[in-house]
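Biologist: Before we discuss any labels, could you put the model on the screen, so that each term can be set against its definition?

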Amino acid sequence: MASIWKHPKSQFWYARYLDKDGRWRNASTKSTDRKAAQRLADEYEGAAKSRRTATQVRRVLSRLHAEITGETLPSASLRAFVANWLLEKRGTAKATQAFYKNSITKFLAHLDALADDELTMVTKENIVTFRNALQEKLSSKATNHHLKVVKMLFRAAKRDGFIVDDPSEFVETIREKQADKKRRRPFNLDEVRAVLAHADDEWRSMILCGLYTGQRIGDIARLTWANVDLDKAQVRLVTQKTGAVLLIPMAPPLREHIESLPAPDVRPELAPLHPRACALVEKSGQSGTLSNQFADILALAGLRKKKAHRATTGEGRGGRHENESLSFHSLRHTAVTLLKEAGIPAAVVQKLIGHESAQMSELYTSVGEEALNKAAASMPVL
C-alpha cells in the first residue's frame, strides 16, 4: 500500500509506492496536507500498477493537483516541449544552437515512442541508458556534453512547471579517462611551414590568421573586411564561443598578408576574407567540416594520419576519436607559446588571445595598447 513521508528539509509530503514491476518509487506530492498527500500517493500507485496510459495518468494527477493546490499543471509531450525549448535558444550562437539540436535529436531517437509521451513519463533510467549508449560510441567528454544538454532541458521543464521532479538531476556524468583527454600541443615553426606548403591560398590565409591572432577556426572563417582596419593595423571581432569583443593588433607579417589579398569590388565591408570557409560555417553553424579539411592538410604534411570523415566508419564525427595532438586549435597554443617565449607578460598574452577566465579579466584592466602592439610585433615572420 502506498504511504507518505516527509523529508526533514522539505515542507511537502512525499509519496512512496510500488510500480508495476514491484519496485518502490518516491515522488513529491507538492502538498503540505497529509490527507491530500495520501490520496495522491494512492493515485500514483494505482496508475503505476494498472499500466495506465500517459494521458490517463496525467489527467488524474492534474485533477488532483488542481484540487489540492489550486494550480493547473501545464501539459506537453517531450517532443513538443523540446521544440519550444529550442526556439528559446535562438539567441545563442549558431554553433551552440546546432549542438543543442544535435544532442536533443539523439535523445529523442533513443527514447523512440516515449518521446511522444508526456514529459512526466521520462525516468532517470531512460536518461542513464541514453548516457550509457552514447559512451559506447563517443568519448567521455563528448558523452558528458550531450548529457549536459539533456539536463538543461529537464531543468527548464521543472522551472516551467511541466514536471515536479527532475529525472536527470542525479544522473552522474562519465568520469573522463586519461586516455580520452586530448593533449594538444603547439606547432613548431618548421611544422607550420610544412602545413603552409600543402595548403591552397585560402587555407594558407586561414592558417596565418589563426597563428597571428590566436583565434578559433570558426571565428577566422567568419572574418570579413569590416573586421580589418589596415590603417590602424587592427582586427576587431566578437568571438562566437564567448561573445567577447576583441581588438587585436596585427602582427606585421599578418598585415602584409592581408594587404596582399584581393579586396572585393562590391560592398567590401560585408565580404568575407575566406569565402569558402565562411560559406561552410554559415550553412551548418558548425566548423566540423573545416576541422576535417585542416586534418587532411596535416596528413599531407606528414603530421597526422589520413582518416575517413564518414560517421559510418566509427572514426568520423559520430565516432570515438583518437587522441590527436595537432589541430587548428593548436595554432592558438602556438601563438601563446611564441608570445611567452618572446618575454611577453602573461596578462598581455591573455588579453591579446582573448582568454575567457573572469579571474584573468581582472588583469586585463592594466593592459594598455602599447603592450598589446609590442606583443603583436614580437611574432615571427614565416
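Predicted model: local features only at pLDDT ≥ 70, side-chain atom pairs only at ≥ 80, totals over all residues.

Biologist: Why is α5 called roughly antiparallel to α6?

Modeller: The helices α5 and α6 (residues 140-159) pack at an angle of about 155°, with their axes 9 Å apart. Angles over 145 degrees count as roughly antiparallel, under 35 as roughly parallel, 65 to 115 as roughly perpendicular and the rest as oblique, so α5 is roughly antiparallel to α6. The contact (heavy atoms within 4.5 Å) involves residues including Ile127, Phe130 and Leu134 of α5 and Leu147, Val150 and Phe154 of α6.

Biologist: What makes threonine 334 count as buried?

Modeller: Buried means under 20% relative accessible area, exposed over 50% and partly exposed in between, with a 1.4 Å probe and protein chains only; threonine 334 has 1% relative accessibility and therefore counts as buried. This threonine is found in helix α13 (residues 330-341), and threonine 334 touches Pro186, Phe187 and Leu211, not counting residues up to four places away in sequence. Over the whole chain, 43% of the 382 residues count as buried.

Biologist: Which of these labels, buried or exposed, belongs to aspartate 112?

Modeller: Aspartate 112 has a relative accessible area of 56%, so the label is exposed. Its place is in the loop between α4 (94-111) and α5 (124-137), and the phi of aspartate 112 is near 60°, a positive value in a residue other than glycine. Most residues other than glycine have a negative phi.

Biologist: What is the phi of alanine 233, and why is this residue called buried?

Modeller: The phi of alanine 233 is near 55°, again a positive value in a residue other than glycine, and alanine 233 lies in the loop between β4 and β5. With 14% relative accessibility, alanine 233 counts as buried.

Biologist: How do you know that β5 and β6 pair, and how do they run?

Modeller: Two strands pair if DSSP finds at least two bridges between them, and 5 bridges join strand β5 (residues 234-238) to β6, which run antiparallel.

Biologist: What makes β4 and β6 the edges of their sheet?

Modeller: The open sheet has 3 strands in the order β4-β5-β6, with antiparallel pairing. Each of β4 (228-229) and β6 (245-249) has a single partner strand, so one side of each is left without a neighbour in the sheet.

Biologist: How many bridges join β2 to β3?

Modeller: Strand β2 (residues 13-18) and strand β3 (residues 24-28) are joined by 5 bridges and run antiparallel, with alanine 15 standing opposite alanine 27 in β3. In the hairpin of β2 and β3, which has 5 residues between the strands, glycine 22 takes a positive phi near 80°.

How values were computed: Residues numbered from 1 in each chain as written. Heavy atoms only, no water. Helix = DSSP H or I, 4+ residues; strand = E, 2+ residues; numbered from the N terminus. Axes fitted to C-alpha atoms, helices over the stretch in contact; angles between N-to-C directions.
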